[in-house]
Amino acid sequence: MTHTRATSGLLVGAIVLTAFATGCGGATIWSREEEIRVGREASERLEEEYEVSRNPADVALIEGIGQRLVAAGKVDDWPFTFKVLEERSVNAVSLPGGPIYIFRGLIDLTEGDEDELAAVMAHEMAHIQKRHVSKMIAQGVFTNLIIVLATGGAVRTAAQLVAVMAQLRFSRDDEYESDRLAIRYTYRAGYDPNGLVRFFEKLKRLEKEESPDPVTFNLTRTHPLTDARINRAREEIAKVVQEVNAELEAEYLRDK
Ligand SMILES: [Zn+2]
């Protein structure tokens, strides 16, 4: 078991346990306030276990991109936070309600290409914006897990947490939706939306080179990457760029 797998398990374990604790009578659809609280609690546990970078350059880079995406995408309805975790694996984590963590290994993989980094961050923002984890719970994706946790008591070991993590996998539709929104947010913020495709290609190469690879294990497991998805992203870029250009023009004329 790698360190990273335990990390992700810890996160999801915290989320699901809290969902069970707060979901009255089996209904696990959170209110907006509950969702924000669940995410905050999970982020506190995460930050007790793992080192958040205090390096001013990191903070400036990630917060700068994050705030630019929020402002340009007009997505300030969730309290987004953006932080770097000192973990070597290629990963990014979003928690319900706003917290986003980018792993050191992922920043390294982007090799200074801020368009790629912005694409990943915007993709995680979209999962939060569209409440994908909450939706999965509401749809019963986590039902078995919640029963196991309820009858077995608290999760005690990292192995149990990894088992919890293994159940989390965003659906294809949720991934496509997040990719499309990532293209929209990045382009509106003035980034090259092709950064998403460039990042996918890098990830794919890494997967091929090192498979089976604990380094990319988490990101591609929770956010499955296929050729169809990469092709679709290319097609979406052309469409979204046109849409956004029309929107920006209308906004310009309106505000003139
Ligand atoms: Zn995703």
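Helix 5 and helix 9 cross in a right-handed sense; a crossing is right-handed if the near helix is turned clockwise from the far one by less than a right angle, and left-handed if anticlockwise. This is a predicted model, in which local features need pLDDT of at least 70, side-chain atom pairs count only at pLDDT 80 or more, and totals for chains, interfaces and linings use all residues. Residues are numbered from 1 along each chain as its sequence is written.

Helices are DSSP runs (H or I, at least four residues), numbered from the N terminus. Axes are lines fitted to C-alpha atoms over the stretch in contact, with angles from 0 to 180 degrees between N-to-C directions.

| Helix pair | Axes come within | Crossing angle |
|---|---|---|
| Helix 5 (residues 114–129) and helix 9 (residues 172–188) | 8 Å | roughly 125° |
| Helix 3 (residues 56–73) and helix 5 | 10 Å | roughly 60° |

Helix 5 and helix 9 are therefore oblique to each other. On helix 5, the contact with helix 9 includes Ala118, Ala122 and Met125; on helix 9, Leu181, Ala182 and Tyr185 are among the residues involved. Contact means C-beta atoms, placed from the backbone, within 7 Å. The residues of this contact divide into eight nonpolar, five polar and three charged. Nonpolar means Ala, Val, Leu, Ile, Met, Phe, Trp, Tyr, Cys and Pro; charged means Asp, Glu, Lys and Arg; the others, Gly among them, are polar.

Helix 3 and helix 5 are also oblique to each other. Their crossing is right-handed. Helix 3 contributes Ile65, Gly66 and Leu69, while helix 5 contributes Glu114, Leu117, Ala118, Met121, Ala122 and Met125. Seven residues of this contact are nonpolar, one is polar and one is charged.

Notes:
Helices (H or I, at least four residues) and strands (E, at least two) are DSSP runs, numbered from the N terminus. Angles under 35 degrees count as roughly parallel, over 145 as roughly antiparallel, 65 to 115 as roughly perpendicular and the rest as oblique. Two residues are in contact if their C-beta atoms, placed from the backbone, lie within 7 Å.
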